[in-house]
Amino acid sequence: MTDPSAGSGTATRSGTPTGLAVHARGVGKVFPTKGGDVVALTEVELEVRAGEFVSLIGPSGCGKSTLLRLIADLDQASSGDLRIFGKPARQARIDQDYGIAFQQAGLLPWRTVAANIALPLELQGTARAARATRVAELAELVGLSEFTDRYPDQLSGGMQQRVAIARALATQPRLLLMDEPFGALDEMTREHLQLELARIALETEAAVVFVTHSIPEAVFLSDRVVVMSPRPGRITDVITTELGAERGEALRESPEYFARVTAVREALHGAPIERANER
């Protein structure tokens with residue numbers, strides 16, 4: 001099995017200097033219930049480097065979203081040590097070191113696109129002029145400059161997710177946490193937003209931790225794909241993609257891409273695999 005931590009001495013796709021965005025050591029999570037304790041995660045060992053795109057994949061109920069929630073300080077680990085840029089997760093949340101996006105965009109229906117994007121900046125106390133400038137930058141980044149005065153119910157599902165991504169990036173976080181953000185979208189829209197997210201990650205140089213059920217999506221987007229076991233969730237394999245810095249439509253038809261998809265699929269099924277990057 002590949003070392004889950006994979007070391008921290010290699011530059012990422014964007015050439016960002018190495019450093020750890022996420023550092024988990026022996027992390028576990030137990031949920032007490034009336035019927036007894038439910039072990040969701042056990043002995044999770046993971047490093048995510050600054051500027052690196054890492055996807056978490058595994059069967060339903062394996063703890064992917066639970067791990068993301070621990071990183072985001074939306075829940076607390078029962079055991080082990082978890083650091084975000086060298087800080088406890090709670091401090092990283094207070095310092096707004098990360099942005100987060102979920103499967104449902106979670107936009108406020110009474111606020112325009114611009115006002116939804118600006119919300120984290122308002123909560124941070126950013127001055128009005130600076131907010132307007134940042135919102136304009138983000139709207140352009142996600143291709144919504146012409147829609148800033150629209151309301152969520154006037155947007156398609158894909159456009160709503162673009163707004164959610166822009167909002168997550170509003171405070172210029174060094175880490176972006178994403179929990180199946182494209183899971184509810186049709187395939188064509190999903191593939192288009194994958195291209196957009198790959199571009200945004202490259203341009204912003206934020207580290208990304210991305211939860212997905214889709215093997216092709218994980219491979220297309222990621223520097224590394226982290227494979228998790230059925231509950232209790234633990235990391236069983238890590239596949240390095242080595243597919244280059246820029247991701248375009250042509251990549252989906254390349255032999256290298258198919259080799260990585262096969263490697264992840266075999267890792268999920270627990271089969272002995274020949275490393276994709278050794279083929």
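**Strand S3 and its partners.** I started with strand S3 (residues 53–57), which runs parallel to strand S9 (residues 224–228) and is joined to S9 by four bridges. Strands here are DSSP runs of E with at least two residues, helices are runs of H or I with at least four, and both are numbered from the N terminus. Two strands count as paired if DSSP finds at least two bridges between them. I looked up partners in S9: valine 54 has arginine 224 as its bridge partner, and isoleucine 57 stands opposite valine 227. S3 also pairs with strand S8 (residues 207–211), again in the parallel sense and over four bridges. There, serine 55 has phenylalanine 210 as its bridge partner.

**A word on the source.** This is a predicted model, so I note its rules: local features need pLDDT of at least 70, side-chain atom pairs count only at pLDDT 80 or more, and totals for chains, interfaces and linings use all residues. Residues are numbered from 1 along each chain as its sequence is written, and side-chain values use heavy atoms, with hydrogens and water left out.

**Buried or exposed?** I checked how covered S3 is, and five of its five residues are buried (under 20% relative accessible area with a 1.4 Å probe, protein chains only; exposed is over 50%, partly exposed in between). Phe53, Ser55 and Ile57 point one way, while Val54 and Leu56 point the other way.

**The whole sheet.** Next I zoomed out. Six strands make an open sheet with mixed pairing, in the order S6-S7-S8-S3-S9-S10. Its edge strands, S6 (98–101) and S10 (235–240), each pair on one side only.

**Confidence.** I looked up pLDDT, the predictor's confidence in each residue, from 0 to 100. The protein's mean is 88, and 90% of its residues reach 70 or more. Over residues 1–18 pLDDT stays under 50, and over residues 271–279 pLDDT stays under 50 as well.

**The largest pocket.** A pocket is an open set of points on a 1 Å grid over the protein atoms alone, where a 1.4 Å probe fits, with protein on both sides within 12 Å along at least five of seven lines; lining residues have an atom within 4 Å of a point. The largest pocket holds about 460 Å³ of space, a volume filled by probe spheres set on the points, which are joined across faces, edges and corners. Of its 13 lining residues, Gln96, Tyr98, Gly99, Ile100 and Pro120 are closest to its centre. S6, helix H3 (113–124) and helix H5 (157–168) each give two or more residues to the lining.

Key: Contact means heavy atoms within 4.5 Å.
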